[in-house]
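Please look over the model below before reading the notes.

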Amino acid sequence: ARHHRIGSNAEAERRTPRLAMANPSAREALRWTKHPDHTQAETLEDTPVADADSQAQTAEKTENAASMFEILYRLRKVIILMWISVLQFGVVHPSIVYISTSFFAGEGHDCEVTPDSIACKRGATELAFWRGILQGVSQSVAWLFALTLGSYSDKVGRRPLFRMKTVLSFVPIFLLALHQFCHVSLWGYLISSVIYHAFDTNGVLLAIMSDVVHEPHLRATAFALFLISFVVGAICVMALGLVSADVAVIIALATSVLKIAYVELAFPETATLAAPSEVAKNFSFMGTAKQAAKVFMRNTFIMRMAFILVISGFTAAGLHTMTTPIMTGYLAVGKDQGIAIAFTSGASALAGLCLTRPLSRLLGEVSTLRICLAASVLYPLLLSQCTTLWHVMALNATLTGPIALQFPIMSAIKSNLVGDDEQGLVQGTLAAVRVVAVAAANIFFGWFFRVSTENGSAPRSALLLPLALVAMLSACGLIVVCGLPSTPPPPPAPAQSAEPSERVKELEMGHRTPDTTPESSKADLS
């Protein structure tokens, strides 16, 4: 807290001359003030107001750029881990779609060559059905991990959980390689993916970002920069999607090994750790649930944000479940065309995320979120009317950016509603709530799409009903957002002031130092 006050005072001192130049009354007061050395008679009267305003704007832009580079430097190790993960799974993602569709279409069918054949249409619908069931099972378990791991990481640290997640990420890639090269059944890959996704660490990731960027007014920018880095990495990996499936699997295997080595050797700890005895004594599932319920009952704003998060997760998961069979079965999108669509979506998302900070400062975070959810209502309705490739590309280029913008905005809002000592608890709880919604959406929309399209044999007009349902649910979230006040309530005052975490300082400085905090002090802090 003292660190933040010092930074705020320095910020005020830097801004004072610029604010004085922009304020007419302040200019009038400064007009009669001579230079501090009492030898120079030059006053503000000699400086044109336009030049002063221009200098103020230039200084403001320079300061904003400096803060963005500082945030990127703080997040550098998290971004590197994210880029490795993008390469690990992104390089095989275009091939997995057609490998899985061909598997469900039956032996002898290559759905990368003939995606619009009857067998491949049925294979795409079967893939959507089984993907919904498997992801639903995965998310049904993942919410327990998301609820407990966020709070548990406050006590044992973030790094051990990421080590476990990294090891689990190797297993699906290895089993996919066995299917591709040794003709082992694809069910091994599908089931191992369920286990990997069940170990949900999204709440821990958000807690790490809150550890590193501890200034509330910078968190929206931090989340946006992280997503921008993700989109940039995904766009760069798209070119590798054109390689053959065999080469893609080999690259993914090598990247999996690199990821394990990076987490073991270079990934830091960011949490302030409690004593081991305190972890064993204080941690319990019911205790975590009670603490989370107490936080959510603190005010209606938090409760309504949780509802919006549930609706957002439910509709996004349902749309994702149906998009793959729509593209492959009804629009006959090939591998190269799918990469073109992904590139267009990535460019739109990148442009939208770059507007996070200016829109948040101009309109406010809540008003910006309203625009994002309005785009989420329009997208499925317009997608149901797309008949050609360029229709989809134009739609994605227009609306993917506003839709992607909602994620850093929502992350910043929910992060700023609570104190630093509750970040892991709240991020993990909200991740658990979202995971439950995603699990229900995967199962429901996988079944509903199969019934609505009569197992892929119905005409294209059958797509309107499931997509209209997604739009209607998104509209419910938009109505709730429109009822929110423009300014979120402030977080509760901390029980005591504390210096920034030593682990945060380690991440910012790029090295690690031994923990010399007395055990009694750790217990008191816990």
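The numbered points below concern a predicted model.

1. Helix 10 covers residues 219-238, which makes 20 residues. At 1.5 Å a residue these should span 28 Å, and the end C-alpha atoms are 29 Å apart, so the length agrees with expectation.

2. Helix 10 is mostly covered, with 15 of its 20 residues buried.

3. One partner of helix 10 is helix 4, residues 76-90. The two pack at an angle of about 35°, and their axes are 9 Å apart. The crossing of helix 4 with helix 10 is right-handed.

4. Which residues meet where helix 4 packs on helix 10? Helix 4 supplies Val 78, Ile 79, Met 82, Trp 83, Val 86, Leu 87 and Gly 90. From helix 10 come Phe 226, Ser 229, Phe 230, Gly 233, Ala 234 and Val 237. By type, the residues of this contact are 10 nonpolar and 3 polar, with no charged residue.

5. Thr 368 lies in helix 17, residues 365-383. Is Thr 368 buried or exposed? Its relative accessibility is 1%, and because buried means under 20%, Thr 368 counts as buried.

6. The side chain of Thr 368 reaches the backbone oxygen of Gly 364 at 2.8 Å. Setting aside neighbours within four places in sequence, Thr 368 is in contact with Leu 359, Ser 360, Leu 363, Leu 405 and Ile 409.

Definitions and conventions
Residues are numbered from 1 along each chain as its sequence is written. This is a predicted model: local features need pLDDT of at least 70, side-chain atom pairs count only at pLDDT 80 or more; totals for chains, interfaces and linings use all residues. Side-chain values use heavy atoms; hydrogens and water are left out. Helices (H or I, at least four residues) and strands (E, at least two) are DSSP runs, numbered from the N terminus. The expected span of a helix is 1.5 Å times one less than its number of residues. Buried means under 20% relative accessible area, exposed over 50%, partly exposed in between (1.4 Å probe, protein chains only). A polar contact is a pair of N or O atoms within 3.5 Å; within protein, one must be able to donate a hydrogen and the other to accept it, and residues adjacent in sequence count only if both atoms are side-chain atoms. Contact means heavy atoms within 4.5 Å. Axes are lines fitted to C-alpha atoms, for helices over the stretch in contact, and angles run from 0 to 180 degrees between N-to-C directions. A crossing is left-handed if the near helix is turned anticlockwise from the far one by less than a right angle, and right-handed if clockwise. Ala, Val, Leu, Ile, Met, Phe, Trp, Tyr, Cys and Pro count as nonpolar, Asp, Glu, Lys and Arg as charged, and the others, Gly among them, as polar.
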